Amino acid sequence: MMDPTTDTGPTGDPRGSRASLEALRAEISKAVVGQDPAVTGLVVALLCRGHVLLEGVPGVAKTLLVRALASSLELDTKRVQFTPDLMPSDVTGSLVYDARTTEFSFQPGPVFTNLLLADEINRTPPKTQSSLLEAMEERQVTVDGTPRPLPEPFLVAATQNPVEYEGTYPLPEAQLDRFLLKLTVPLPSRQDEIDVLTRHAQGFNPRDLRAAGVRPVAGPADLEAARAAVAKTSVSPEITAYVVDVCRATRESPSLTLGVSPRGATALLSTSRAWAWLTGRDYVIPDDVKALALPTLRHRVQLRPEAEMEGVTADSVINAILAQVPVPR
């Protein structure tokens with residue numbers, strides 16, 4: 001994924017909103033070193049009202065990344081550590097009996113927030129994982145037949161260890177599809193790792209981001225203005241057809257048992273528009289689609305077992321499709 005420029009964009013765009021989101025990326029970098037694509041993906045998700053799944057081995061700053069995002073936003077945030085014994089009501093909330101009034105009252109769970117950090121979401125069984133489905137899709141929670149709307153904005157940022165790790169429960173396809181982006185958080189380069197250790201040697205404490213200088217630089221008003229600008233980003237019929245062709249090609253790939261659904265195509269169009277706006281344009285070009293194809297589509301496809309045994313990955317299949325599908329001129 002490319003890094004957006006600091007271009008303030010065409011006349012008429014809310015320059016202040018783009019500047020605030022650029023400042024948001026810079027603020028996160030005070031705590032997290034060398035994960036610019038993941039940081040940019042989180043900003044794209046905020047613009048698209050989507051949710052993010054961060055995957056990486058333990059110790060690559062997945063949780064720190066989300067905590068830094070939370071500290072850089074003037075939004076309410078909560079964190080849930082997903083464990084094998086976590087119950088759905090521990091996430092959504094439940095009815096509690098009040099002896100004084102002899103009535104049941106609803107006690108909201110941590111999902112009632114603007115930014116929910118679902119830490120190690122694949123450490124908990126599918127029953128508890130699915131408790132987030134309604135919240136992520138409908139932005140409400142139904143308890144005892146009563147729907148309760150969630151705050152706006154609402155974003156789930158979930159972290160997970162690779163599924164090969166012991167004690168993990170792979171997320172169901174239906175829930176994976178609810179995540180707008182799946183961002184991989186790789187091990188840092190040698191220089192980035194040196195920078196991380198240097199910061200720690202100088203007293204950086206990942207548990208105290210305020211001491212590291214991380215401050216709120218954007219809030220709900222900035223997000224609303226930015227989202228309104230993204231909604232005005234134009235998409236030509238040729239670009240729409242290109243997005244459809246890329247997604248349809250995944251359904252015909254011999255390496256896949258499951259291709260991208262129309263929901264995935266809509267997601268790719270949405271993230272491409274956000275990326276175009278971030279880079280200072282009010283129209284989408286094919287490079288925007290290519291830049292967001294991997295994080296938007298990699299979790300929406302399913303490999304055939306024989307292809308997986310041969311070392312084929314979802315990313316390699318999508319890259320091959322991007323190389324084959326004709327690009328509009």
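Phe154 touches His51, Val111, Thr113, Asn114, Ala135, Met136 and Arg139, leaving aside residues up to four places away in sequence; contact here means heavy atoms within 4.5 Å. This is a predicted model, in which local features need pLDDT of at least 70 and side-chain atom pairs count only at pLDDT 80 or more, while totals for chains, interfaces and linings use all residues. Residues are numbered from 1 along each chain as its sequence is written, and side-chain values use heavy atoms, with hydrogens and water left out. Helices (H or I, at least four residues) and strands (E, at least two) are DSSP runs, numbered from the N terminus.

- Phe154 sits in the loop between strand 7 (146–149) and strand 8.
- Phe154 counts as buried because its relative accessibility is 2%; buried means under 20% relative accessible area, exposed over 50%, and partly exposed in between (1.4 Å probe, protein chains only).
- Thr77 is 77 residues away from Phe154 along the chain, and their C-alpha atoms are separated by 9.7 Å.
- Gln175 belongs to helix 7 (residues 173–176), and with 1% relative accessibility Gln175 counts as buried too.
- Leaving out residues up to four places away in sequence, Gln175 touches Ile121, Gln129, Ser130, Leu132, Leu133 and Met136.
- Ala26, in helix 1 (residues 15–28), is partly exposed, with a relative accessible area of 42%.
- From Ala26 to Ala61 there are 35 residues in sequence and 16 Å in space, C-alpha to C-alpha.

- Strand 1 (residues 52–55) joins strand 9 in the parallel sense over 4 bridges, and Leu54 stands opposite Leu183 in strand 9.

- Strand 3 (residues 93–98) and strand 4 (residues 103–108) are paired in the antiparallel sense over 6 bridges.
- Opposite Tyr97 stands Phe104 in strand 4.
- The hairpin of strand 3 and strand 4 has 4 residues between the strands, and Thr102 takes a positive phi near 55 degrees there.
- Strand 6 (residues 140–143) and strand 7 run antiparallel and are joined by 4 bridges, with Pro147 in strand 7 as the bridge partner of Thr142.
- Between strand 6 and strand 7 the hairpin has 2 residues, and Asp144 takes a positive phi near 55 degrees in this hairpin.

**Helix 9**

- Helix 9 (residues 220–231) has 12 residues and reaches 16 Å from its first C-alpha to its last, close to the 16 Å expected at 1.5 Å a residue; the expected span is 1.5 Å times one less than the number of residues.
- Its buried residues include Leu223, Ala226, Arg227, Ala229 and Val230.
- They cover an arc of only 160 degrees around the axis, so they are on the same side of helix 9; the arc is that of the directions from the helix axis to the C-beta atoms.
- On the face of helix 9 turned away from the buried side, you will find the exposed residues Ala221 and Ala231.

- Helix 10 (residues 237–251) packs with helix 12 (residues 286–297) at an angle of about 35 degrees, their axes 11 Å apart.
- The crossing of helix 10 and helix 12 is right-handed: a crossing is left-handed if the near helix is turned anticlockwise from the far one by less than a right angle, and right-handed if clockwise.
- Helix 10 brings Ile239, Tyr242, Val243, Val246 and Cys247 to meet Pro286, Val289, Lys290 and Leu297 in helix 12.
- Helix 11 (residues 262–278) has 17 residues and spans 25 Å from its first C-alpha to its last, close to the 24 Å expected at 1.5 Å a residue.
- Among the buried residues of helix 11 are Trp275 and Trp277, and just after helix 11 Gly280 takes a positive phi of about 95 degrees.

Note on methods
Two strands pair if DSSP finds at least two bridges between them. Axes are lines fitted to C-alpha atoms, for helices over the stretch in contact, and angles run from 0 to 180 degrees between N-to-C directions.
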